[in-house]
Amino acid sequence: MTYQTHAVPDSFLNKWQDTSDVMARIFDVPAGLIMRVHPEKIEVLVSSHGEENPYEACETAPLNSGLYCETVMRTQRILQVPNALNDEDWKTNPDIALNMISYLGVPLIWPDDSVFGTICVLDNKERTFHTQYINLLWEIKKGIESDFKLIRQQEQLIASNTELRIAIEQQRADAQKLTQSNQELNAALATVTQMQAQLLHSEKMAALGSLVAGISHELNTPIGNGLMAASTLQSDVSTFMAHRDQGLALTRSEMQQLGESLTLGTEILMRNLSRAAELVRSFKQIAIDQSSMVRRSFALNTTVSDTLIMLRPLLRQHGRSVEASIPEDIIMDSDPGAIEQVLIILINNALVHAFPNKMQGKISIFAQLTENDEVHLHVSDDGIGIPAPNLSRLFDPFFTTRLGQGGSGLGLHIADNLVSTALHGQILVTSTEGQGACFTLVLPCVAAN
Ligand SMILES: Nc1ncnc2c1ncn2[C@@H]1O[C@H](COP(=O)(O)OP(=O)(O)O)[C@@H](O)[C@H]1O
Ligand SMILES: [Mg+2]
């Protein structure tokens, strides 16, 4: 038989002390004991107070030494020994040495059916206990065993309390971890946002770089041509001066030749210089000065018709008109000057690119207000349209299909720039080759600051 130790809180030991004292008095014995068993020994847990009691609390004895209580625990039954000295089975048991020759004891059972120990009375004279005493001992046993249940419940309560505390602790740690990973996430987000901004910045720088490269390339031709013309003029002039210094007169044909050469040179110089000036003017437009933007409330309808009035001479020159249909109630808070500029670029493009060889066709402008307070302003034509491969490069600086025929490839780049920086919107293009082109400005009614 193997035993385990059951722990008992002090409050119960005090109570059981009283029980043992009362029990010893009622049974009229020197010793009333509550014994507790351990894996290898048996312990006097509670011993009644009294002069003649030879047992003391906390005293222990090894197991397998033939004690009365061991038999009670093994059999888990009541044991009554009226007089050990007359009893073959008991006359050598260790308690006789203490002069305890009579015994009455019952087992104490823990709620999980394991053995706790015993409760017993011992006397130094022969005793045969009446049934009523035996019943009383059983009642005391039951009382103590119900205390065991309380002890166990308390233990379980404490255990689940501890579990609860651990769970709460865990939860707190989890919450802390969550907060931390949230913070880390936020930091990561900030980094990504910053990286995005940097990327955008470097992209802009790259665009600017290619813009500058393009500008110098574009300017190179007219300036180079101009220089060449100027140096021809210079040499013509110095030839003439040399003749004059030597007092030589020019022949009529020499005069004629010089005149033609000077006229041609001046013409080339003028053409190239004005080409350069024109380029510089359009480049200037790219670098929009944000502070010069004029932001105000205006009716889109008015801005569009003002622009068309301004374009009237150009339209007449091309023999075309523009149909505009803008709802009067579209009121915007934005930069009307920027809208004007973009419209000029788009209409000019339609005039220049959409209708080659005097082909028939019309240009129209219309607008609508969306539910989320955006204005969609469409400029469309029914001209030759734009080949699909060109669509993705249309807004790139210097993309033109009229290289050497007056195209700079800057118009749509400027328009795109104006729409995004000044109007905080977007410019989109749709086109099917042979079926015209449609440019759409998606603009917030109230431009962000
Ligand atoms: N309405 C249009 N119809 C057909 N092609 C167009 C139209 N608008 C623009 N494009 C094409 O887009 C190109 C780029 O236009 P833009 O940037 O204004 O430069 P550019 O007018 O100097 O060529 C034009 O060369 C032309 O091929
Ligand atoms: Mg253009």
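The following legends describe close-up views of a predicted model.

**View 1. Division of the chain into three domains.** The protein is divided into domain 1, residues 10-146, domain 2, residues 160-292, and domain 3, residues 294-444. Taken over C-alpha atoms, the centres of domain 2 and domain 3 are separated by 24 Å.

**View 2. The open six-stranded sheet.** The strand order in this sheet is β3-β2-β1-β6-β5-β4, and the pairing is antiparallel. Strands β3 (60-62) and β4 (79-81) form the edges, each pairing on one side only. From one strand to the next, the twist averages 25°.

View 3. Edge strand β4 pairs with β5 (residues 102-109) in the antiparallel sense, over three bridges. Within this pair, L79 has G105 of β5 as its bridge partner. Strands of a sheet pair through backbone hydrogen bonds, either parallel or antiparallel.

View 4. Helix α1 (residues 10-27) lies across β1 (31-37), β2 (41-47), β5 and β6 (115-123). Relative to β2, helix α1 runs at about 80°. Helix α2, formed by residues 68-75, also packs on the sheet and touches β1, β2, β3, β4, β5 and β6. The direction of helix α2 makes about 140° with that of β6.

**View 5. The open five-stranded sheet.** Five strands are arranged in the order β8-β10-β11-β13-β12, with mixed pairing. The edge strands, β8 (322-325) and β12 (426-431), each pair on one side only. Neighbouring strands of this sheet are turned against each other by 15° on average, direction ignored.

View 6. Edge strand β8 runs parallel to β10 (residues 363-369), and four bridges join the two strands. One residue pairing in this view is that of E323 with its bridge partner S364 in β10.

Technical notes:
Residues are numbered from 1 along each chain as its sequence is written. Chains are lettered from A and ligands numbered from 1 in the order in which they are written. This is a predicted model: local features need pLDDT of at least 70, side-chain atom pairs count only at pLDDT 80 or more; totals for chains, interfaces and linings use all residues. Side-chain values use heavy atoms; hydrogens and water are left out. Two strands pair if DSSP finds at least two bridges between them. Axes are lines fitted to C-alpha atoms, for helices over the stretch in contact, and angles run from 0 to 180 degrees between N-to-C directions. Contact means heavy atoms within 4.5 Å. Domain bounds come from an automatic or database domain assignment.
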